[in-house]
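I opened this notebook to record what I looked up in the structure, one topic at a time.

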Amino acid sequence: MQMASNYVLVLLVHALVRISAAVNLGYLSSASTAAPTPDKRPTATPKNAWIWNMHAKGDTKKFMYDPVILTLGEALRDYGANVTFVSKDNLESDEHRNALLDDVTATVARGQKPLIVALAFFFTGADEPLSILRKCKDLGAFVVFYQSEAYDFLDFHEHLRMCDGLCDEIWDFSHANLDNYPESWRRVKNRYVPPGYARALDFGVSVAKQGTHVKNIAFLGQWGVRRDYRGAPLEPLYREVFGTKLVSKNDIHTAEDFTGFFTEYPVQLVTYRNENCCPSTNVLLAFRMAQLFSNRACVISARAYPHDEEEFQGIVHFAERSQIAKVFDEKSRDVGNCQKQGFEKFKAKFKPFSILKRSGFFDVW
Ligand SMILES: *[C@@H]1O[C@H](CO)[C@@H](O)[C@H](O)[C@H]1NC(C)=O
């Protein structure tokens with residue numbers, strides 16, 4: 001079962017409506033035109049980077065990965081790079097494939113290291129995208145494999161093996177994942193690079209007035225796949241805790257519905273498949289967190305892997321189920337304050353450029 005389906009797809013579908021202008025650039029319309037930011041470094045010849053969503057469904061499935069695609073895009077542009085988004089949809093013709101190879105060749109000829117960050121290997125379907133990636137690697141590209149799945153939902157060893165002889169580095173969104181890499185994969189350089197506050201993820205939801213007391217807690221997504229460690233369905237367990245205060249939704253279709261939902265229900269609940277504690281082994285859903293915090297949610301979450309929780313200390317309010325009603329009670333009394341604090345801390349800590357800088361990647365590129 002892929003992690004991707006964990007990420008509240010409904011929510012992201014609408015994100016697509018709004019951000020398609022940002023991601024749907026097409027191979028040849030790569031953008032080095034992002035607005036200048038204080039971090040942007042003036043470089044005569046920008047470094048070339050490609051962010052490649054290898055999902056076999058192309059752009060129509062791209063939304064699942066938007067939090068990380070947009071985060072990496074913003075981080076690399078702020079670094080001064082010339083970033084191109086690649087997917088099946090804009091790599092369909094020979095002309096486009098050859099243009100990619102030519103650009104990689106030209107970049108190497110200039111004495112630069114062309115960067116390709118590829119994700120969704122597991123859903124590539126055909127071998128062809130991987131063989132083009134291999135050609136890029138042979139031409140001198142520096143290939144990063146963005147590991148976007150959860151170690152406990154697929155054969156991780158198999159997944160990482162897709163990287164064999166291809167990847168210079170592996171980036172991941174969770175410490176629970178990184179700490180569970182098979183021994184043989186630890187020799188490949190890895191980095192913690194979770195999705196963050198990318199400007200394109202922010203739909204402009206406003207924070208509630210100070211002192212606003214809300215009655216509901218919302219859950220966005222599908223309950224069906226979520227169970228506790230014994231296999232018991234989670235919905236009745238949370239229903240027992242919250243009763244009618246719990247509002248669940250998984251069918252939001254427009255950007256307006258989306259902002260409406262977050263405005264009406266600023267307190268959002270995050271739960272896990274195979275939910276367990278304590279300590280928890282759950283892979284923190286960083287993709288989903290990026291969506292929620294970029295839209296100013298006050299987030300209450302079941303417990304996650306300790307090192308993952310540490311990263312979100314003071315941002316996400318973690319609670320075991322036996323304590324979660326109390327935490328909700330506390331946060332819902334002044335939801336505006338909870339929203340404001342979470343948003344500001346998330347935005348500051350998980351600024352795309354800072355995430356990549358902290359990872360140490362700019363020291364090697
Ligand atoms: C930016 O990238 C595109 C696509 O790879 C390439 O065609 C273009 O020449 C690059 N621009 C510069 C200034 O290198």
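**Entry 1: the sheet.** Before reading the strand order I needed to know when two strands count as a pair, and the rule is that DSSP finds at least two bridges between them. In general, the strands of a sheet pair through backbone hydrogen bonds, either parallel or antiparallel. I also noted that what I am looking at is a predicted model. With that in mind I followed six strands, which form an open sheet in the order β2-β1-β3-β4-β5-β6 with parallel pairing. Which strands are at the edges? They are β2, residues 82-87, and β6, and each of these pairs on one side only.

Entry 2: Strand β3, residues 115-119, pairs with β4 in the parallel sense over five bridges, and L119 has Y146 in β4 as its bridge partner. Strand β4, residues 142-147, pairs in turn with β5, again in the parallel sense, over four bridges, and here I found F145 opposite I170 in β5. I traced how the chain gets from β4 to β5, and saw that the path runs through helix α6, residues 156-161, in a β-α-β crossover that is right-handed.

**Entry 3: a residue in helix α5.** I picked out L133, which has its place in helix α5, residues 128-139. I count L133 as buried because 24 other C-beta atoms lie within 10 Å, and the cut-off for a buried residue is 20 or more. Leaving aside neighbours within four places in sequence, I found L133 in contact with I116, A118, V143 and L166. I also compared L133 with W52: the two are 81 residues apart in sequence, but 9.5 Å apart in space, taken from C-alpha to C-alpha.

**Entry 4: two packed helices.** Two packed helices are described by the angle between their axes and the distance between the axes. Helix α3, residues 66-78, packs with helix α10, residues 286-294, at an angle of about 75 degrees, and their axes are 9 Å apart. Because of this angle, α3 counts as roughly perpendicular to α10. Which residues make the contact? On the side of α3 they are P67, V68 and T71, and on the side of α10 they are F287, A290 and Q291. Sorted by class, this contact has four nonpolar and two polar residues, and no charged ones.

Entry 5: Most residues other than glycine have a negative phi, and most peptide bonds are trans, so I looked for exceptions. One is A120, which is not a glycine but has a positive phi of about 65 degrees; its place is in the loop between β3 and α5. A120 counts as buried because it has 27 C-beta neighbours inside 10 Å. Another is R296, also not a glycine, with a positive phi of about 60 degrees, and I found it in the loop between α10 and β10, residues 298-301. R296 counts as buried as well, because 25 C-beta neighbours lie inside 10 Å. For the peptide bonds, I noted that C277 and C278 are joined by a cis bond with omega about -5 degrees, and that the bond from C278 to P279 is cis too, with omega near 0 degrees. C278 is found in the loop between β9, residues 267-270, and α10, and P279 is found in the loop between β9 and α10 as well.

**Entry 6: the whole chain.** Last, I stepped back to the totals. The secondary structure of the protein chain comes to 14 helices and 11 strands, and 45% of its 365 residues count as buried. Among contacts with a separation of 6 or more, 80% are between residues 24 or more positions apart.

Conventions: Residues are numbered from 1 along each chain as its sequence is written. This is a predicted model: local features need pLDDT of at least 70, side-chain atom pairs count only at pLDDT 80 or more; totals for chains, interfaces and linings use all residues. Axes are lines fitted to C-alpha atoms, for helices over the stretch in contact, and angles run from 0 to 180 degrees between N-to-C directions. Helices (H or I, at least four residues) and strands (E, at least two) are DSSP runs, numbered from the N terminus. Angles under 35 degrees count as roughly parallel, over 145 as roughly antiparallel, 65 to 115 as roughly perpendicular and the rest as oblique. Two residues are in contact if their C-beta atoms, placed from the backbone, lie within 7 Å. Ala, Val, Leu, Ile, Met, Phe, Trp, Tyr, Cys and Pro count as nonpolar, Asp, Glu, Lys and Arg as charged, and the others, Gly among them, as polar. A crossover is right-handed if, with the strands pointing away from the viewer, the path from the first strand over the helix to the second runs clockwise. A residue is buried if 20 or more other C-beta atoms lie within 10 Å of its own, exposed if 12 or fewer, and partly exposed in between; C-beta atoms are placed from the backbone.
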